[in-house]
Amino acid sequence: IIKAPGAFLSKRIWNSLKEPFITEINSGGLTMLNDLLLRFGAPGIKYVLDLCAESDRHPVAFYCTAGKDRTGVLTAIILGICGVKSECIVEDYSLSANVYAEMNDHKAMVGALSQRSLDPKTFLGAPPEVMADTLLAIKENYGSIEGYCDWIGFGPERREKLRKALTEE
């Protein structure tokens, strides 16, 4: 932490900070990534939830490279708002486990992660425990998915509008 300001000015200081930072990311894995997404991606998450709540904007498609990290967290929030049980959300997420293996650019993704010293085995899968831990972290940090939504400014009226837009014809 003491060295951090110098990292902007010195390549030597940046390199000395990089290894512990990457080690922390690799050990935190996808659960840490999801936590960071929930905290720092909150404006984007709210934006997508607002779009999905407007039935005149349907159909809506949202996705990311593999449809498991950013898309997985957003889908988990939407499913939770719609009353889907945690076990079903975890099962749905785990269906993305082999997506990179099935993609034509699997080697490119492994190479891109490795080039940044990130562990491909950690970041290319979608083990069920990652989503289970993410849902548990939401409960611990925000009380519930609804509590998280309140935190990002997507209140009860907006959640009800989203539920109706997605579950009623």
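For the residue classes used below, Ala, Val, Leu, Ile, Met, Phe, Trp, Tyr, Cys and Pro count as nonpolar, Asp, Glu, Lys and Arg as charged, and the others, Gly among them, as polar. The views show a predicted model.

**Figure 1. Lining of the largest cavity.** The lining consists of Thr31, Asn34, Asp35, Leu38, Thr134, Ala137, Ile138, Asn141 and Tyr142. By class, 4 of these residues are nonpolar, 4 are polar and 1 is charged. The space inside the cavity is about 40 Å³. The count of cavities of 30 Å³ or more in the model is 1.

**Figure 2. Helices around the largest cavity.** Two helices, α2 (11-40) and α9 (128-142), each contribute at least two residues to the lining of the largest cavity. Helix α9 gives the largest share, with 5 residues.

**Figure 3. Overall fold of the protein chain.** The chain has 11 helices and 0 strands. Its order along the sequence reads α-α-α-α-α-α-α-α-α-α-α. Of the 169 residues in the chain, 36% are buried. When contacts between residues at least 6 apart in sequence are considered, 71% join residues at least 24 apart. The accessible surface amounts to about 10,500 Å², and carbon and sulfur atoms account for 57% of that surface.

**Figure 4. Salt bridge between aspartate 50 and arginine 158.** The two side chains meet in a salt bridge at 3.1 Å, N to O. Aspartate 50 belongs to helix α3 (residues 42-53) and arginine 158 to helix α11 (residues 156-167), so this pair ties together parts that lie 108 residues apart in sequence. Arginine 158 has a relative accessible area of 23% and is partly exposed.

**Figure 5. Salt bridge between arginine 158 and glutamate 54.** The side chain of arginine 158 also meets that of glutamate 54 in a salt bridge, at 3.0 Å, N to O. Glutamate 54 sits in the loop between α3 and α4 (70-81), while arginine 158 is in helix α11, so the pair ties together parts 104 residues apart in sequence. With a relative accessible area of 22%, glutamate 54 is partly exposed.

**Figure 6. Salt-bridge network that includes arginine 158.** Salt bridges link Lys46, Asp50, Glu54, Arg158 and Lys161 in a network. Two of the pairs in this view are Asp50 with Arg158, at 3.1 Å, and Arg158 with Glu54, at 3.0 Å. The count of salt bridges in the model comes to 7.

Figure 7. The side chains of glutamate 160 and arginine 163 meet in a salt bridge at 3.1 Å, N to O. The two residues are 3 apart in helix α11, so about one helical turn separates them. Glutamate 160 is partly exposed, at a relative accessible area of 33%. Arginine 163 is likewise partly exposed, with 24% relative accessibility.

Definitions and conventions:
Residues are numbered from 1 along each chain as its sequence is written. This is a predicted model: local features need pLDDT of at least 70, side-chain atom pairs count only at pLDDT 80 or more; totals for chains, interfaces and linings use all residues. Side-chain values use heavy atoms; hydrogens and water are left out. On a 1 Å grid over the protein atoms alone, a cavity is a set of points where a 1.4 Å probe fits but cannot get out, and a pocket is an open set with protein on both sides within 12 Å along at least five of seven lines; lining residues have an atom within 4 Å of a point. Grid points are joined across faces, edges and corners, and a volume is the space filled by probe spheres set on the points. Helices (H or I, at least four residues) and strands (E, at least two) are DSSP runs, numbered from the N terminus. A salt bridge is a side-chain nitrogen of Lys or Arg within 4 Å of a carboxyl oxygen of Asp or Glu. Buried means under 20% relative accessible area, exposed over 50%, partly exposed in between (1.4 Å probe, protein chains only). Contact means heavy atoms within 4.5 Å. Accessible areas come from the Shrake-Rupley method with a 1.4 Å probe; for residues, only the protein chains shown count as cover.
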